[in-house]
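Please look over the structure below with a few selected places in mind. The briefing goes through them by topic and gives the cut-offs as each term comes up.

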Amino acid sequence: MNIRHHIFAVAAAAMLTTGAYAADIKLGVSGPFTGGSASMGVSMRDGVRLAAKEINAAGGVNGNKIVLVERDDEAKNERGVQIAQELINNEKVVATLGYINTGVALASQRFYQEAKIPVMNNVATGTLITKQFPNAPENYVFRNAAADNIQAPMIAKEAVEKRGLKKVAILADSTNYGQLGREDLEKALKGYGVTPVATEKFNIGDVDMTSQLLKAKNAGAEVILTYAIGPELAQIANGMAKLGWKKPMIGSWTLSMASFIDTAGKNGNGATMPETFIQNPATTPKRKAFVDAYLKDFKPKNGIIASPVSAAQGYDSVYLLAAAIKQANSTEGPKILAALQDLKAPVEGVVITYNKPFSATNHEAIAAKDVVMGVVENGRVEFLNAEDATAKKK
């Protein structure tokens, strides 16, 4: 037996010295890979896959391989809850990446909070997400997406301050995302002394916005402000065209989704939104390398990432977690938490380079200065302001 143990030990040591991985680091990936939110979910997942592939090819994290445990939450709160419990209890993940939908995040991440396992929200933007547990001694919820309390003031500023449009209508879907975003918008507008002339709601899957648009039109709205996701946003743009009533659409970042741009067609031109990432080859070398690798590996339609923001933030979220695990030299939740809150080395991402992105009191990696305005032009998103494209090269 001793001889056999000795042989096994020698073989194991040989494996380690020849580049094999010592152990696996299991990371959960939860998002909608089917349904109306799928363009965001699949783009995020593929960005995560790309980063994990690169990290593993470079030797992993402290010699350990990242293994992704992917689950389709279908943008359903109850499914998200089931997945969270499975990933924690059965798969024993050390952290989870994802959440596209604010409602799914708010329903699911409490299980990670209780289990002391970090969650990196890489797409969901509801302002409440990182503040869901204000009385907890430690907060295990992080985010590297632009929260709605960053986006809503930018939307209001574009409409009221820059364009002088004070008769605004808000059209928001009935989900947590839409209604929490509407509240942030109303708060931002109040800062300009503006009260919406119409505030209308609709449900996921609605295909006729005539009623809501007529109320906005009859109220004299000069601009439509939106908080929803792609398919329904397209119905708003197409509905305006059907009524022969074209007004500017300014809304949250989801106006950049392929499911809006492709379905709205020419009716989507001019739609304006805050963005952390625009698929433009003229920006930084890091961004170009990311886009080139993504297109090579995943071959999206027409060479356009279905949701570039989701892909880029998904990619960066892996590098942020990997940096924390490396620094902690541990996969224990409290140690990863401590490292995330005090990252010593900068993390070069494609959205930004993250210099001490988190602290014990701030779990938001993205600030207002990191967000620009994008505009839909002929089937893709471009920089609204040319100087933003130049600034992002620096």
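Predicted model: local features only at pLDDT ≥ 70, side-chain atom pairs only at ≥ 80, totals over all residues.

Residues are numbered from 1 along each chain as its sequence is written, and side-chain values use heavy atoms, with hydrogens and water left out. Helices (H or I, at least four residues) and strands (E, at least two) are DSSP runs numbered from the N terminus.

**Helix 4 and helix 6**

- Helix 4 (residues 102-115) packs against helix 6 (residues 176-190) at an angle of about 105°, and their axes lie 7 Å apart; axes are lines fitted to C-alpha atoms, for helices over the stretch in contact, and angles run from 0 to 180 degrees between N-to-C directions.
- Helix 4 and helix 6 are therefore roughly perpendicular to each other, a term that applies to angles of 65 to 115 degrees.
- In this contact (heavy atoms within 4.5 Å), Thr102, Gly103 and Leu106 of helix 4 meet Asn176, Tyr177 and Leu180 of helix 6.
- The residues of the contact of helix 4 with helix 6 divide into three nonpolar, three polar and no charged, where Ala, Val, Leu, Ile, Met, Phe, Trp, Tyr, Cys and Pro count as nonpolar, Asp, Glu, Lys and Arg as charged, and the others, Gly among them, as polar.

**The cavity**

- A cavity is a set of points on a 1 Å grid over the protein atoms alone where a 1.4 Å probe fits but cannot get out, and its lining residues have an atom within 4 Å of a point.
- The count comes to one cavity of 30 Å³ or more, and the largest cavity has a volume of about 70 Å³, a volume being the space filled by probe spheres set on the points, which are joined across faces, edges and corners.
- Its lining includes Trp253, Pro274, Glu275, Val309 and Gln313, and strand 10 (272-275) and helix 11 (308-328) each supply at least two of the lining residues.
- The lining of the largest cavity divides into seven nonpolar, four polar and one charged.

**Positive phi angles**

- Glu74, a residue other than glycine, has a positive phi near 60° and sits in the loop between strand 2 (65-72) and helix 3 (77-89).
- Lys356, also not a glycine, has a positive phi of about 45° and lies in the loop between strand 12 (353-354) and strand 13 (372-377).

**Around Thr210**

- Thr210, found in helix 7 (residues 210-218), touches Lys242 and Leu243, not counting residues up to four places away in sequence.
- Thr210 and Met240 are 30 residues apart in sequence, yet their C-alpha atoms are 8.0 Å apart in space.

Key: Parallel < 35°, antiparallel > 145°, perpendicular 65-115°, else oblique. 1 Å grid on protein atoms, 1.4 Å probe; cavity = no way out; pocket = protein on both sides within 12 Å on 5 of 7 lines; lining within 4 Å.
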